[in-house]
Amino acid sequence: QWTVDKLEDNLINNQAIKEAAQILKKGEVIAFPTETVYGLGANAYDESAIAKIFAAKGRPSDNPLIVHIAKREQMLPFIEGISEKAEQLINAFWPGPLTLIFKQKGEIASNVTAGLDTIAVRMPDHPVAAALLLTSDLPLAAPSANLSGRPSPTTAGHVMLDLNKRIAGVVDGGSTGVGLESTVLDVSTEEPILYRPGGVTKEQIEEVIGPIAVDPALKKAEEAPRSPGMKYTHYSPNGEVYLIRACEDIQKHVDKWQAKGKRVGILTTEENRERYTADVIVSSGSRANLSTVASHLYDSLRQFDKEKAEIIFAEVFPEEGIGMAIMNRLEKAASGRYL
Ligand code: TXA
Ligand code: MG
């Protein structure tokens, strides 16, 4: 667990972190790095500060935020209780990319939870996030620091591309590590339910607490998701994304659309990149190590915008381990389109 004295002195005494903490205390919003993606934070107790997050992102007000903490005591005033399974998960995975949903007491600003009687909480595993949480001494509600609908930011540069002039500032901590958002797991009910696959895998969770349920909406688009944010189009580059199950088929789709005058991109992997020719070819990482794909996925999607790709064909991955989160984000980027 993070404590002030365990964090490196140069972070706690860092001028940028002190300034950012002051700005947060005044009710403004600041973007900061976590181990997953950059978050856009504000004081979770301050309703008007939270309203600025929704305004800056253009986020629908029915989509609740995750509250970030640096030590467990910070959540005790606002959650209703910790089940035995939740306790085991906290011990196994916090700090880390696992968000837990608890019953709440109504102490946090009501726009954080979009009026729900539950609240999402996580303890990020990033020294800059921890330093900011400890220095401000505030629980920070923070969604990903992108414009609503865009790929989540994994660098301070991505944040600025989306939110420059819309927020008070960004603390630049370099590239984030995991690259995909945290896993969201509801532990407010007897049976935990997975709402969003993410940095902690389903397999890792099940090793600790046994089998868990998965929100059916993760697989069937017609089901209403239990996690409001999962219903929105997400992670989309400007070009249209199509997923292709057999990579042998990709080149013929590329050729067809190039013949129609389109600028075509391919999202591939180290193992396959030499197979193709196209206007824009981006490798997100290696199939032999899917965490490299996770960590570069959003930057890869953003590169197609830089290169003005109009149609993007993407390879798919096995839905095991972190592959489940990668495929969830790719399906959203493609609005579920497979060829
Ligand atoms: O890794 C992450 O989780 C990043 C970093 C910044 O911590 N944050 C993030 O936040 O991804 P956001 O707002 O982009 O996604 C939060 C998700 C949304 O799908 C939202 O609907 C869901 O969590 N959520 C929040 N509170 C909830 C609740 N009480 N019940 C169900 N789902 C909830
Ligand atoms: Mg988001």
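This briefing describes the overall build of the protein and then a selection of its residues and segments. The model is predicted. The protein has 10 helices and 14 strands. Its radius of gyration is 20 Å, close to the 20 Å that the globule rule gives for 339 residues, so the protein is as compact as a globular protein of that length.

**Overall build**

- Along the principal axes, the C-alpha atoms of the protein occupy a box of roughly 60 × 45 × 35 Å.
- Buried residues make up 56% of the 339 residues of the protein.
- Of the contacts between residues at least 6 apart in sequence, 68% join residues at least 24 apart.
- The protein has an accessible surface of about 14,100 Å², and carbon and sulfur atoms account for 49% of that surface.
- There are 37 positive and 45 negative side chains in the protein, and 5 Å separates the centres of the two sets.

**Buried positions in a loop and a strand**

- Thr 176 sits in the loop between strand S7 (169-170) and strand S8 (183-186). Thr 176 counts as buried because its relative accessible area of 8% is under 20%.
- The residues that Thr 176 touches, leaving out those up to four places away in sequence, are Thr 34, Glu 35, Thr 36, Val 37, Tyr 38 and Thr 154. With one of these, Thr 36, the side chain of Thr 176 makes an approach to the backbone oxygen at 3.0 Å.
- Val 184 belongs to strand S8 and is buried, with a relative accessibility of 7%.
- Apart from neighbours within four places in sequence, Val 184 is in contact with Thr 99, Ile 101, Ile 193, Leu 194, Tyr 195 and Arg 196.
- The C-alpha atoms of Val 184 and Ile 119 are 11 Å apart, and the two residues are 65 residues apart along the chain.

- Helix H5 spans residues 127-136 and is mostly covered, with 8 of its 10 residues buried. The buried residues of H5 include Val 128, Leu 132, Leu 133, Leu 134 and Ser 136, and also among them are Ala 129, Ala 130 and Ala 131.
- Asp 137, which comes just after H5, has a positive phi of about 55 degrees.
- Helix H8 (residues 250-259) contains Gln 251, a residue that is buried at a relative accessible area of 17%.
- The side chain of Gln 251 reaches the backbone oxygen of Thr 277 at 2.9 Å. Beyond residues up to four places away in sequence, Gln 251 touches Arg 275, Tyr 276 and Thr 277.

**Backbone geometry in the loops**

- Most residues other than glycine have a negative phi, and most peptide bonds are trans.
- The peptide bond between Trp 94 and Pro 95 is cis, with omega about -10 degrees. Pro 95 is placed in the loop between helix H4 (84-93) and strand S4 (98-103).
- Lys 165 has a positive phi, near 75 degrees, and lies in the loop between helix H6 (156-163) and S7. Lys 165 is exposed because its relative accessibility of 78% is over 50%.
- Lys 308 also takes a positive phi, about 55 degrees, without being a glycine. The loop that holds Lys 308 lies between helix H9 (290-306) and strand S14 (311-315), and Lys 308 is exposed, with a relative accessible area of 61%.

Key: Residues are numbered from 1 along each chain as its sequence is written. Chains are lettered from A and ligands numbered from 1 in the order in which they are written. This is a predicted model: local features need pLDDT of at least 70, side-chain atom pairs count only at pLDDT 80 or more; totals for chains, interfaces and linings use all residues. Side-chain values use heavy atoms; hydrogens and water are left out. Helices (H or I, at least four residues) and strands (E, at least two) are DSSP runs, numbered from the N terminus. Buried means under 20% relative accessible area, exposed over 50%, partly exposed in between (1.4 Å probe, protein chains only). Contact means heavy atoms within 4.5 Å. A polar contact is a pair of N or O atoms within 3.5 Å; within protein, one must be able to donate a hydrogen and the other to accept it, and residues adjacent in sequence count only if both atoms are side-chain atoms. The radius of gyration is taken over C-alpha atoms; the globule rule is 2.2 Å times the number of residues to the power 0.38. Accessible areas come from the Shrake-Rupley method with a 1.4 Å probe; for residues, only the protein chains shown count as cover. Lys and Arg count as positive and Asp and Glu as negative; His and the chain ends are not counted. The place of a charge is taken as NZ of Lys, CZ of Arg, CG of Asp or CD of Glu.
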